[in-house]
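Biologist: I would like to go through this model one item at a time. Please give the cut-offs as we go.

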Amino acid sequence: MPSPSRGPRRGASKPGKKPQNQAVNRAIELLRAGNVKAAASIIDPMMKKARKDASVVRVKGLIEMKSGRYTEAEQYLNRARDLDPGHPMISVEQAMVHQLRGRYDRMVEAARNAYRITPGRTEIQTLLAEALISADRCDEAYELLRELGKGGSLDPALADPLTKVLDIQGRREEAIEIFDSIGDGAGLAPNIRKRMNLRRGRM
């Protein structure tokens with residue numbers, strides 16, 4: 001799944017807010033490093049004065065999610081999306097919360113929104129495919145991945161959800177062809193390469 005990221009900045013930023021932006025980015029870096037307490041020590045005081053700043057509210061939602069408080073996380077991320085509906089990472093993080101709560105159809109809805117905003121980003125394409133698979137909508141996942149692969153070779157990162165769909169559908173020969181087409185997967189992230197190798201080993 002996607003990790004907290006700055007993502008494209010849209011709409012919510014205003015001139016003269018640079019120190020605040022730096023503080024928000026520092027909090028995100030701390031979250032990515034697993035230091036939730038330190039991130040909260042930056043964001044919680046900012047929430048008192050920046051309740052209408054989408055970037056601050058968004059990171060507060062991430063802190064709540066990392067702390068296992070999913071209801072609160074959802075509330076903050078919903079508010080952040082209302083404040084900055086054009087920021088795709090907010091929808092990505094909403095999808096993550098829905099996944100953690102086992103609400104896969106709502107995960108699909110959030111992932112689709114992120115995809116509408118930024119359709120060309122592989123991370124978001126993968127999230128939508130995985131959301132559809134989790135929601136037991138493998139036919140839709142396959143159609144999405146097939147469309148993304150039209151006119152050229154499929155991004156190697158998307159081979160992971162595609163082989164997963166084909167395996168679920170019992171189309172293992174097609175899955176093996178995909179494995180063969182990407183070779184040793186040298187360009188893939190280690191966790192994806194390992195997962196795909198394990199899947200192929202079971203076939």
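Biologist: In which helix does V92 lie?

Modeller: This is a predicted model, in which local features need pLDDT of at least 70, side-chain atom pairs count only at pLDDT 80 or more, and totals for chains, interfaces and linings use all residues. Residues are numbered from 1 along each chain as its sequence is written, and side-chain values use heavy atoms, with hydrogens and water left out. Helices (H or I, at least four residues) and strands (E, at least two) are DSSP runs numbered from the N terminus. The run of residues 88–100 that holds V92 is helix α5.

Biologist: Is V92 buried or exposed?

Modeller: Buried means under 20% relative accessible area, exposed over 50%, and partly exposed in between (1.4 Å probe, protein chains only). V92 has a relative accessible area of 1%, so V92 is buried.

Biologist: Which residues touch the most other members of the largest nonpolar core?

Modeller: A nonpolar core is a set of buried Ala, Val, Leu, Ile, Met, Phe, Trp, Tyr and Cys residues joined through side-chain atoms within 4.5 Å. The largest one has 58 residues. Those that touch the most other members are V24, L31, I43, V56, V59, I63 and V92.

Biologist: Which residues does V56 touch, not counting residues up to four places away in sequence?

Modeller: Contact means heavy atoms within 4.5 Å. With residues up to four places away in sequence not counted, V56 touches Q20, V24, I43, M46, M47 and A50.

Biologist: How many helices and strands are there in the protein?

Modeller: From the N terminus on, the elements run α-α-α-α-α-α-α-α-α-α-α. The count is 11 helices and zero strands.

Biologist: Why does T126 count as buried?

Modeller: T126 is found in helix α7, residues 122–134. Not counting residues up to four places away in sequence, T126 touches A157, L158 and P161. T126 counts as buried because its relative accessibility is 19%.

Biologist: How are α7 and α8 oriented to each other?

Modeller: Axes are lines fitted to C-alpha atoms, for helices over the stretch in contact, and angles run from 0 to 180 degrees between N-to-C directions. The axes of α7 and helix α8 (residues 138–148) come within 7 Å and cross at roughly 155 degrees. Angles under 35 degrees count as roughly parallel, over 145 as roughly antiparallel, 65 to 115 as roughly perpendicular and the rest as oblique. The two helices are therefore roughly antiparallel.

Biologist: Which residues of α7 and α8 make the contact?

Modeller: From α7 come Q125, L128, A129, L132 and I133. From α8 come C138, E140, A141, L144, L145 and L148.

Biologist: At what angle do helix α9 and helix α10 pack?

Modeller: Helix α9 spans residues 159–168 and helix α10 spans residues 172–181. Their axes are 8 Å apart, and the angle is about 160 degrees.

Biologist: Which orientation does that make?

Modeller: The contact is made by A159, L162, T163, L166 and D167 of α9 and R172, E174, A175, I178 and F179 of α10. The angle makes α9, relative to α10, roughly antiparallel.
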